[in-house]
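Opening the notebook on a new model today.

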Amino acid sequence: MTESHVRSMSCELSEPVASSLTSELMIEMEEPLMPETTIKHQIQKAIPGTRKSYAVFGGIFLLSLVCMGLLYTSFPNFEPEEKAVFKLPKNIDDAKALGAVLNRYKEKYHYQVFASFFLTYIFLQSFAIPGSIFLSILSGFLFPFPVALFTVCACSAIGASCCYLLSLMAGRPLLMKYFPERVADWTQHVDKHRDSLLNYIIFLRITPFLPNWFINVASPVIGVSLQHFFLGTFLGVAPPSFVAVQAGKTLHKLSSSTDAFSWTSVILLGVFALLSLIPIVFKKHLARKFD
């Protein structure tokens, strides 16, 4: 629409209305919509750089290491052979050796043992460090089953939420740099399940379709709320944690971490995964029915 057309329309209307209409049309002519590429460019400019992200992660990681060191000093003086096995377990033999040492000190230093387990588990989850499966098995050896299962679920949810918050603060540039296609693909899947996001998170935690570290760091970037994330993680890790904690009751019989998962436990996890999808299917069925 040209400026002459605007003037002709203004003459046919009363002066106040014409003036208002003219100004609105002129604004539309002078300020076209911003191209999509320009919007994306501005978003990218608003995202902090990867160097800043590395600095944030590094600072928080070093602070956490200091806290872990202070926790270690609260323990009594170990014998030389005990100090050699007092480390993060990398395999089932390390878990057995560490379990034997902690079991000897558990009665006298119960709170120190429990606190060290609790904080170490959260530390591993917060920074996506492998090894939490061995701590899950170890919990079944050290603590009563209900306490061990609740503790593992709580540590998983708290630690994963810390990882979520770290990613929320400084993780977006790293994800967009190293995993852009994966983030875009999962964003589409999450958008399809926005109405049943809690059940979808539970399903992902039970099944091995996506690695847990990726779920932790990508969730805040693609718009998963912390409330759904925390609760979905707490409930979703319960079935596999049940299997791991139960295996810890016979820790001395295990030769590897895979021994904790039998065909029965795999089938059981599959059943739980399917159960988590029932509300999603039921909700979609109702939506089609009322549409």
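Predicted model: local features only at pLDDT ≥ 70, side-chain atom pairs only at ≥ 80, totals over all residues.

In which helix is the place of Cys153? I found Cys153 in helix H9.

**Entry 1, Cys153.** I then listed what Cys153 touches, skipping residues up to four places away in sequence: Phe234, Val237 and Ala238. I also looked up Ser241, which is 88 residues from Cys153 along the chain. The C-alpha atoms of Cys153 and Ser241 are separated by 7.2 Å.

I went to the largest nonpolar core, which has 36 residues. Which of them touch the most other members? Leu102 and Leu138 do. I noted the elements that give two or more residues to this core: H6 (92-105), H7 (110-126), H8 (132-142), H9 (145-170) and H15 (238-248). H9 gives the most, with seven residues. A general reminder to myself: nonpolar side chains tend to be buried together in soluble globular proteins.

For Leu102 I left aside neighbours within four places in sequence and got contacts with Phe75, Phe86, Val113, Leu138 and Leu142. Another core lies apart from the largest one. I have it down as 26 residues, including Ala160, Leu175, Trp186 and Leu210.

Ser132 is found in helix H8. I get a relative accessible area of 16% for Ser132, and since buried means under 20%, I list Ser132 as buried. What does Ser132 touch, not counting residues up to four places away in sequence? My list reads Tyr121, Leu124 and Gln125. With Gln125 there is also a side-chain to side-chain polar contact of 3.1 Å.

The crossing of H7 past H8 is left-handed.

Which residues make the contact? On the H7 side I noted Phe117, Thr120, Tyr121, Leu124 and Gln125. On the H8 side I have Ser132, Leu135, Ser136 and Ser139.

Conventions:
Residues numbered from 1 in each chain as written. Heavy atoms only, no water. Core = buried A, V, L, I, M, F, W, Y, C linked by side-chain atoms within 4.5 Å. Buried < 20%, exposed > 50% of the residue type's maximum accessible area, 1.4 Å probe, protein only. Helix = DSSP H or I, 4+ residues; strand = E, 2+ residues; numbered from the N terminus. Contact = heavy atoms within 4.5 Å. Polar contact = N/O pair within 3.5 Å; in protein donor to acceptor, adjacent residues only side chain to side chain. Left-handed = near helix turned anticlockwise from the far one by under 90°.
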